[in-house]
Amino acid sequence: SSASKMSNGGFQPYNSPMDQLGLPPPDHASSTGSQDGDRGTRSSAADPAGSAFFSGDFKKHDDLRAMLESSKDSQKLEAMRRIIAMVAKGKDCSDLFPSVVKNVVSKNSEVKKLVYVYLTRYAEEQQDLALLSIATFQRALKDPNQLIRASALRVLTSIRVPVILPIQTLALQDAVSDMSAYVRKTAALAIPKIYSLDPETKPQLMGVIEKLLADKTTLVVGVAIQAFEEICPNRIDLIHKNYRKLCELLADVQDWGQVVIINMLTRYVRTQFLDPAQQNQKQERQNPLDPDHELLLRTVRPLFQSQNAAVVMAVAQLYYHCAPPGYMNIVIRHLVRLLRASPEVQSCVLTSLSALSASSPHLLSGHLKCFYIHSTDSSSVKLVKLDILTNLATDSNFPVLLRELQAYVSSPDSELASAAVRAIGRCASQLPDTTDTCLNNLVSLLAKKDESVVAEAIVVIKKLLQVQTSDHSHMIVDLARLVDGIAIPRARASILWLIGEYCDRIPKIAPDVLRKFAKSFLEEEDQVKLQIVNLAAKLCVCNPKQARLLAQYVLNLAKYDQNYDIRDRSRFLRPLVLPDPSVAEPTLLAGKRVKKILLAPKPAPEVQSRFAEKSPFQLGSLSHLLNLRLPGYQALPDWPAEQPDSSVRAVAAPAPAPSSMAAYSRGGVDRISGSSDESEDEDEDEEDDEEDEEEDEDEEEEEEEDDDEEEDSSEEENT
Amino acid sequence: MIHSIFFINNSGDIFLEKHYKRVIPKSICDYFFEEVTKNSSPENVPPIIQTPNHILISIYRAQMHFVAVCKSEVPPLFVIEFLHRLADIIKDYFDEVSETSIKDNVVIVYELLDEVLDNGFPLATESNILKELIRPPNLLRSLADTMTGRNSTVSATLPTGQLSNIPWRRSGVKYANNEAYFDIVEELDAIVDKFGGAVCAEVHGSIDCLIKLSGVPDLTLSFVNSRLIEDASLHPCVRHRRFEVERLLSFVPPDGGFRLMAYRASCHGNLPVPLDLRHTISFKQASGNSGHLELTVIPRPPSGRQLEDLVLTVPMPRAVSGASLVASAGKYSYDTASRTLVWTVGRLDSQKGAGSPTLCGTLVMQTGAPVPDCRPSILVSFSITGWTISGLKVNRLDLHGESKPVLHQKTSKYKPFKGVKYVTKAGKLEFRT
């Protein structure tokens, strides 16, 4: 019978009897499950995630309700699956809450699990009904299975209903001293949830955090620090006693925890130790490193080789902010390695490197080639790389760099091409010796056919000429000739500005250009119009004979322009250059003075890297990347002037092997949940871990034997 | 840390969402779509987007955007790496990351999403632990379930001891055939200028393993010339100190496939790019609306090896509307939508003495369009098996640990089948014209 059903079940859902085997195909299940359901549209119930099934007709939900009330687990499961599929899609299923919440007591582990998932999503909207489920969780919290305890705690604390806060807090306090490290981990994760529900609980939570910080299992410390960071990041004093332990455990913590711990310890180091880079005035040499400071740097170093880019970045920023100078080469090498990772990682790392390249270019100078642009890079990556390359430009590497930049100029990607032109301009202003080479190069670009490149070149040339003291009138003449062929307003405006500024040097051409532009004034873009008005005013002062009438004409046109900036400019310039003869008293601003005003030497705009100013933010943080202080950002403190008390970190000497063993067998579950207790007995039974190799041979053998025996006994206890 | 996660496909459809704190309405993604429309291709969407109250951090993988919504300071790489890990987990569960595989298994994916983050902080991301909590689907099992009427993705018996004492390895692994495979893949990243000189060249390698060994094996992998390895990143299972001191990889492997190590190979002096390219591309010809293209590949493979899967890709400027070419080997195609010329040469058999394959002919230029004066780059991909460009070679693989009387279990000694494969591929290899 089962065979026949499987073959035709999909076709004859109406006639087939209730499925005895518990695995109906989806459409089958819905039809059999909905005796009171809407029969007419049952056949459309094919795809649980399909939108057609649930659209419009909410009697369909009756269908699901009936399935949830059914006595068969398979029906319930099917219904829950469909509901979760809808939740995943973002559809509103809150009206099913009463039917779903009943199933929280289900014996079927998957039904239960899906109900949990549903509950965390909708409990906040149905607070009263959600209370029905609480008793189940309270019972589950006492379950012998650590996973059930953990998931009960997780869901219970995820239910954002203020009424149950006392229950949550109580459950949390119990869980903190749970035998299972996995449950304690869940407890640590629950702390921020309770805190966000009611910040008043902070004093209570602090006690819990303190307890968790003292935990010695790698599974727990990472999340404990995360809770610390979210609730009381300023209570550095809570870290003192745990500092050395954290350093030692760090290598074995999960990568996510490593990131959080290292970031926190960076702040710690900045408050508790002296700046290693600063000269000690009395001894005229660098401050010796505190042994604890050195301990951290040493234990963290292997993490440079992590496969997780976030860990590498965390270590890099720790070294950047806290290590003595001289370590930066390693930092850079590993950051450069990350450039091979996914494009998103690449883009983030490049932003950090770009900040470094602006503040200390010498560090990166050896890696110039790593920043060469591939045509397949994403556009944002291309631009950041270009910024870094420009920051790294020196007189010695300039020829190589210029050749590279020229290659980008002829790239089919016109955005890159324009950016490369700008980069050449920036090189020229950074390295005064190269300005002539760059200018010649830019002028040669004017012959290009790509208009955006030409326009960019003109704008850059304009900026460069502004700083140049020598006479470049031939270049301005060349540009003036180009103006007819160029449509891009920015470029036209730049040329006009140049002609106006240096009209003395090209007395023949300037009035002619003004004549042409006076004619086309009405068709020009606003920024070009503004420059026409400027040019008219300047010429009128320098060469009134030829330009006065033209200027008058242009100023009149500008006076009635639609753009108020242009009208204002005209109103401002007219009395200066065309004083009203009817006013008897000559204004103070007459003749020579006006010329001085209009043609005053103007400072050239400075082209800078985005990170030219040293960012105040911690390297690698989101705030640093966006250059914006985000909520939750913990500022990096300045180094203290005096060495703070270093004895605060002292703890009783690391427990000798026997006692740690005792601790070990006491918390036998810890070991099962994949954590290593003290660093001494890190070597877990089968796996004579990392430590082995590092310890003395003789000692190792002894310990290993001990270990194994101990292991066995604990293992037996458990089983 | 992470408030919500959205999965978005290329047509702008949000097909999955999961919230870890208060529900954030879908409309937050409008800021994301704004960026998508601003950028020509989905790869160019910036990974970090700032909105008035939130920050969207996204990755693009397998034609999908995975978008995480954050509200406060969080290390950006943390979120990016997490999203990639999530995609890896999905891949591990359903053999591929794709919209279809996610939609087909939407309930399992949602359960996974529930398990990997708690309140926005990573909870369980090791696939070995996850698989204890949520069973991956597989054909054999669904068949068995159908027959027996069981139907559950959650393991029926929650593993009481679960979570083995080595976080990355599940306990009680048993295989009839014990095998360990190592793929050493090196990729050549280089830019070659128009005169044929390498502007920059680097070799990056990785060792991917597929290990199916019973019990808790302890492996040691040593190299003939380990000095070639520079700047390595290691899987957490590798004993760091031994690598630093002895330059060998000693580890208890996770079960299944994983990346053991990635490294940069030191290559002092000139790197031999195993092929040379002669090219003339011009968009202007005296007669009418046609350009000219001529490409010649001169293979220089190491002795006894062959260039395989050779493909040349030339992204052309918009003005090139077509191409009529003759290929002396392989096939070419011109995609008029993306304006890309692809020449699939395939394997270059050195025995045949075929010499240098060429692609030659005219480019059809759009009438009226100005002649472009940009120079397209030629992207080259190839692979050579049985050879590493850096010369790295495995010395031996030793298996320890399985003979030790641990836990008084009867562990039978076994002799695993070991295999090492060497491949050199083109990474980002481009020739400028």
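A: Let's start with H17(A), whose buried residues are A:Asp292, A:His293, A:Leu295, A:Leu296, A:Leu297, A:Thr299 and A:Val300. Buried means under 20% relative accessible area, exposed is over 50%, and partly exposed is in between (1.4 Å probe, protein chains only). Helices (H or I, at least four residues) and strands (E, at least two) are DSSP runs, numbered from the N terminus.

Q: Before we go on, what kind of model is this, and what are the ground rules?

A: This is a predicted model, where local features need pLDDT of at least 70 and side-chain atom pairs count only at pLDDT 80 or more, while totals for chains, interfaces and linings use all residues. Residues are numbered from 1 along each chain as its sequence is written, chains are lettered from A and ligands numbered from 1 in the order in which they are written, and side-chain values use heavy atoms, with hydrogens and water left out.

Q: OK, back to H17(A). What do its buried residues pack against?

A: They pack against helix H15 (243-249), helix H16 (255-272) and helix H18 (309-322) of chain A, with contact meaning heavy atoms within 4.5 Å. Seven of the ten residues of H17 (residues 291-300) are buried, so the helix is largely enclosed by the rest of the structure.

Q: And A:Thr169, buried or exposed?

A: A:Thr169 counts as buried because its relative accessibility is 6%. It sits in helix H11 (residues 165-176) of chain A. Leaving aside neighbours within four places in sequence, A:Thr169 is in contact with A:Ile194 and A:Gln204.

Q: Which residue does B:Glu115 pair with?

A: B:Glu115 forms a salt bridge with A:Lys113, and the closest N and O atoms are 2.9 Å apart. That pair crosses between chains, going from helix H4 (residues 106-116) of chain B to helix H7 (residues 109-122) of chain A. B:Glu115 is buried at a relative accessible area of 6%, and A:Lys113 counts as buried at 17%.

Q: What about A:Arg422?

A: A:Arg422 bridges to A:Glu456, with the closest N and O atoms 3.2 Å apart. The pair links distant parts of the chain, 34 residues apart: A:Arg422 is in helix H24 (residues 414-430) and A:Glu456 in helix H26 (residues 451-467) of chain A. A:Arg422 counts as partly exposed at 37%, whereas A:Glu456 is buried at 4%.

Q: Where does the A:Asp512 and A:Arg515 pair sit?

A: Both are in helix H29 (residues 509-520) of chain A, and because they are three residues apart, about one helical turn separates them. A:Asp512 is partly exposed at 33% relative accessibility, and A:Arg515 is partly exposed at 38%.

Q: Last topic, chain B. How many helices and strands?

A: Chain B has seven helices and 23 strands. Of its 433 residues, 56% count as buried. Among chain B contacts with a separation of 6 or more, 68% come from residues 24 or more positions apart.

Notes:
Salt bridge = Lys/Arg side-chain N within 4 Å of Asp/Glu carboxyl O.
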